[in-house]
Amino acid sequence: MAKGPSFLLEKAFVDAIVCGVDEAGRGPWAGPVCAGAVILDPNPRRHPKGLDDSKKLNARTRESLEVEIKGRAVAWGVGFASVEEIASLNILHATGLAMCRAIEAMAVQPTHALVDGNYRFKLPCEVKTVVGGDAKSKSIAAASILAKVARDRLMAEMDQVYPGYGFASHKGYRAPIHAQALLELGPSPIHRMAWGPVKLALMGKDPLQAFGDAVQDELPFEAAE
């Protein structure tokens, strides 16, 4: 049995241009949400080796694969939705906006999109949802890598703009150093003010207690509708 994602889901479409779509940054306390979209070559032999769920790869491997994906893909795109857009649209619709921007940024427009997860976003093409897609589809895995690397790079830049929060290390996610900085410095302009941990920090309470004993890394889509 083959390990890692395959190209079977893409091959199931006949006479179609299929892209994989995935997001990064849905759950952090700070920073934008980012989406990647990738159309891989129809010939699997031309795919970068080692494609997998971005969370299973270390930073160096992701960055190396980012270069290969961009060099070998038929088309690729990356899109962001800002903290302000997250606040006005909610995280669900801001994620959909980032995905639309990623697809629209591609040099070749797809007819179909394989989207990680179970939520059917309104995108500029037909959508097929795939639960656990970044571990099943090479196209989704490639998209997850582009999104993760692009967002991590931006958050490292934000660490220079807003020092003291440790954005370069935790990228805006839950971390003790992030919680302590929120209490000591207050939120920065790129913090998500509606997020429970940020609200707690403004009240002088430990942000890590936002969800009681079961602190969660990500806000479920259902909670954002």
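A charge sits over a ring if NZ of Lys or CZ of Arg is within 6 Å of the ring centre and within 35 degrees of the ring normal. This is a predicted model: local features need pLDDT of at least 70, side-chain atom pairs count only at pLDDT 80 or more, and totals for chains, interfaces and linings use all residues. Residues are numbered from 1 along each chain as its sequence is written, and side-chain values use heavy atoms, without hydrogens or water.

**View 1. Arginine 192 over tryptophan 195.** The charged end of arginine 192 sits over the tryptophan 195 ring. The distance to the ring centre is 5.0 Å.

**View 2. Tyrosine 165 and phenylalanine 167.** The structure holds two aromatic pairs (Phe, Tyr or Trp rings, the six-membered one for Trp, with centres within 6.5 Å). In the pair of tyrosine 165 and phenylalanine 167, the ring centres are 5.3 Å apart and the planes lie at 15°, so the pair is stacked. Stacked means planes under 30 degrees apart; over 60 is edge-to-face, and the rest are tilted.

**View 3. Helix α5, residues 138–161.** Helices are DSSP runs of H or I, at least four residues, numbered from the N terminus. α5 has 24 residues and reaches 35 Å from first C-alpha to last. That is close to the expected 34 Å, which is 1.5 Å times one less than the number of residues. Of the 24 residues in α5, 18 are buried.

**View 4. Glutamate 66 in helix α2, residues 59–72.** Glutamate 66 counts as buried because its relative accessibility is 6%. Leaving aside neighbours within four places in sequence, glutamate 66 is in contact (heavy atoms within 4.5 Å) with Ile145, Leu146, Val149 and Arg153.

Conventions. Helix = DSSP H or I, 4+ residues; strand = E, 2+ residues; numbered from the N terminus. Buried < 20%, exposed > 50% of the residue type's maximum accessible area, 1.4 Å probe, protein only.
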